[in-house]
Amino acid sequence: MNYEEAVGYLLDIPRFAAKTSHENLNGFLNILGNPQTAVPAVHVAGTNGKGSVCAFLASILQQAGYRTGLFTSPHLVRINERFQLNHIPITDEAFLSIFLRVQEAVRTGMNRGMVHPNFFEFLFLMATCWYQEERPDYVIYETGLGGRLDATNVLQPCLTILTSIGMDHMQYLGDTLEQIAGEKAGILKAGIPCIYLHQQDSTADVIAERAAELACPLIPVEKDRITIDEIQKHIIDFSYVNRYDNRYNHNIATYQIKKTALYQTENAALAIEAGYYLLMKDPELTEGMIAKAVHQGIFQMRWQGRMEELEPGIYVDGAHNEPAIRAFCDTVTRLYQDKKVILLFAVASDKLYNEMIRILCEMLTFETVIVTAIPGSRATPVEQAAEQFQKFTACPVLKEPDCERALELAKKQLTMNSRIFCTGSLYLVGSLKQGRRTNHDQF
């Protein structure tokens, strides 16, 4: 079997496998020698911002000299992106090697009556095996869906992080914020600290109740402690006072991130707390070394698909639920208030896209809207999405099912006084980045 055949096997798994129990997954881990215990793990859950927090924290740890693994989802262009070491994706050769190792364990387990792991479980098994072989200092694992029932929740981490919580995947996680918070808080482990974004009291109470049951120290990040000081051409300056600054009697701590999206300041603050917590445990690092690693790590972080400039004047953002769309609109309003907005939109059919579209039209004024489609069976038909836009905006609403042709259509309207924003789905972002890479590879 070669790399392409291994990827094909993985992509075919949804046809013949279903979500299984943690008991079944632990059985495969036992066959593999429990690789998930080989490296200290940080476990991250939440509705939005998980990948960004993981990337910020990984960048901080790398700046401190640590080799850092990163397991995230989904991938945008290549499946290898899900497995990273010091922000470098796994090679095709290593990918194939760990695939074969897991495949052999799966065969052994199925001969014992176990159930074939689903797609995400198989990838998680691969990740644990690769990091066992590579032995980084830490691995940061992002949950796939929810928390309590997620495959990654078999981990026994040294730290858990809960990012922003909002309405998404309600068919699996519940139809209230409190229910969703309960599912996310399912990753908390007895006695293990949890850093969380304090949004509304109702969800914070759910997290606090779960933490009390497990005697977990809680480290809140309050949004009102984050202040955006200045927005420069390529940089956002913000202030955030964390508990370590208070300990050392600092009055204020200022940080810089690349100019991407305003919501990244909240994700950065979570990573700042996590970075300090982990690095303070290292007796070889001085206070100054830790502070430098945190500041540099936040500034150097790169993460695809989050208000990323794909080409000059063209931005892609993976907002795919109501709270993420609100954060996207806030960024566009505050950072590009002097530009006309050309919107390229596609969304999955299992999202509350009617509400997403209403929010977009209420918060932003568009020059043009171009509705396109994500690849695959989950795509919302362009006619349905376009009809919703026409209810809420008087601007031209164009339809082009092929996302690459839709982008070319948008480019024809791009001027010095306008910007193109592509949002609604990470799958749209991935498709546009794939098309850009493919077109580039042809020359």
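**View 1. Helices α12 and α13 meet in a right-handed crossing.** A crossing is called right-handed if the near helix is turned clockwise from the far one by less than a right angle, and left-handed if anticlockwise. This is a predicted model, in which local features need pLDDT of at least 70, side-chain atom pairs count only at pLDDT 80 or more, and totals for chains, interfaces and linings use all residues. Residues are numbered from 1 along each chain as its sequence is written, and side-chain values use heavy atoms, leaving out hydrogens and water. Helix α12 covers residues 322-335 and helix α13 residues 353-363; their axes come within 9 Å and cross at roughly 20 degrees. That angle makes α12 roughly parallel to α13 (roughly parallel means under 35 degrees). Helices here are DSSP runs of H or I with at least four residues, and strands are runs of E with at least two.

**View 2. A closer look at the residues joining α12 and α13.** From α12 come Glu-322, Ile-325, Arg-326, Phe-328, Cys-329, Asp-330 and Thr-333, which meet Glu-355, Met-356, Arg-358, Ile-359, Leu-360 and Met-363 of α13. By class, this contact of α12 with α13 has seven nonpolar, one polar and five charged residues. Contact means heavy atoms within 4.5 Å.

**View 3. Helices α2 and α5 come together.** The axes of α2 (residues 22-31) and α5 (residues 119-134) come within 11 Å and cross at roughly 30 degrees. This makes α2 roughly parallel to α5, and the crossing is right-handed. Leu-25, Phe-28 and Leu-29 of α2 make the contact with Glu-121, Phe-124, Leu-125 and Thr-128 of α5. Those residues divide into five nonpolar, one polar and one charged.

View 4. Most residues other than glycine have a negative phi, and most peptide bonds are trans. Have a look, then, at Asn-34, whose phi is near 50 degrees. Asn-34 sits in the loop between α2 and β1 (41-45) and is partly exposed, with a relative accessible area of 26%. Arg-135 also has a positive phi, near 50 degrees, in the loop between α5 and β5 (138-142). With 51% relative accessibility, Arg-135 counts as exposed. Buried means under 20% relative accessible area, exposed over 50%, and partly exposed in between, using a 1.4 Å probe and protein chains only. In the loop between β2 (68-71) and β3 (83-85) you will find Pro-74; the peptide bond from Ser-73 to Pro-74 is cis, with omega near -5 degrees.

How values were computed:
Axes fitted to C-alpha atoms, helices over the stretch in contact; angles between N-to-C directions. Parallel < 35°, antiparallel > 145°, perpendicular 65-115°, else oblique. Nonpolar A, V, L, I, M, F, W, Y, C, P; charged D, E, K, R; others polar.
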